[in-house]
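Hi,

Here is the model I promised to pass on. Have a look at it first, and my notes follow below.

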Amino acid sequence: MLHVEYVRDIHSNYVVIKGITDGPCGYRTKIILNNNIEGLLKVELKFIDQMDLLYYDITGKKSLAATYENKSLQYEDIKKLLTSILKTINGIGEYLLSENDFIMEPEYIFVGDNLEMVDMCYLE
């Protein structure tokens, strides 16, 4: 069972995922830690209190759920959003990553002001 929390420090905001059972030692984790992949949130691995924690940097970003909490999506918004998500999913093939490892919930998809680019959480 994964546990997610939000952490804020002096300069940054993070989504922290803890409770990784198998340990982040696979090649996919190494790829997302060591590469700047368009459409994926930047991530850091920290080991605190005998637990592996993945810190996804969400500084200056808003989740899709928070963005559209009080307003509805229009056709053009949905089109831009889906195009951005598909671009990200298709782009990870260059890094031999699986499209099945995204966290596809609105709370973990982060968007800019114009929905042209999304940043998503990837978890092996």
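Leaving out neighbours within four places in sequence, Tyr55 is in contact (heavy atoms within 4.5 Å) with Val7, Tyr14, Val15, Val16, Lys42, Val43, Glu44, Lys46 and Ile48. Tyr55 is found in strand E4; helices (H or I, at least four residues) and strands (E, at least two) here are DSSP runs, numbered from the N terminus. Tyr55 counts as buried because its relative accessible area is 11%, where buried means under 20%, exposed over 50% and partly exposed in between, with a 1.4 Å probe and protein chains only. For a sense of distance, the C-alpha atoms of Tyr55 and Asp101 are separated by 16 Å, and the two residues are 46 apart along the chain.

Before I go on, the ground rules: this is a predicted model, so local features need pLDDT of at least 70 and side-chain atom pairs count only at pLDDT 80 or more, while totals for chains, interfaces and linings use all residues. Residues are numbered from 1 along each chain as its sequence is written, and side-chain values use heavy atoms, with hydrogens and water left out.

Now the strands. Two of them pair if DSSP finds at least two bridges between them. E1 and E2 run antiparallel and are joined by 6 bridges, and a hairpin links E1 to E2 through 4 residues.

Next, the charged pairs. Side chains of opposite charge can pair when their charged atoms come close.

- Lys18 and Glu5 meet through their side chains at 3.1 Å, N to O. Lys18 lies in strand E2 (residues 13-18) and Glu5 in strand E1 (residues 3-8), so this pair ties together parts that are 13 residues apart in sequence. Lys18 counts as partly exposed because its relative accessibility is 25%, and Glu5 is partly exposed at 33%.
- Lys87 and Glu38 form a salt bridge at 3.3 Å, N to O. Lys87 belongs to helix H3 (residues 75-91) and Glu38 to the loop between helix H1 (27-34) and strand E3 (43-48), so the parts tied together are 49 residues apart in sequence. Both Lys87 and Glu38 are exposed.
- Asp119 and Lys61 make a salt bridge at 3.3 Å, N to O. Asp119 lies in strand E7 (residues 118-120) and Lys61 in the loop between strand E4 (51-57) and strand E5 (62-63), so the pair ties together parts that are 58 residues apart in sequence. With 17% relative accessibility Asp119 counts as buried, whereas Lys61 is partly exposed at 32%.

Lys62 lies in strand E5 and counts as partly exposed, with 47% relative accessibility. Apart from neighbours within four places in sequence, Lys62 is in contact with Thr67, Ile109, Phe110 and Val111.

Finally, which residues have a positive phi although they are not glycine? Asp49 is one of them, at about 55°, and Gln50 is another, at about 60°. Most residues other than glycine have a negative phi. Asp49 is found in the loop between E3 and E4, and that loop between E3 and E4 is the place of Gln50 too. Asp49 counts as exposed because its relative accessibility is 71%, and Gln50 is exposed with 74%.

Cheers

Methods:
A salt bridge is a side-chain nitrogen of Lys or Arg within 4 Å of a carboxyl oxygen of Asp or Glu.
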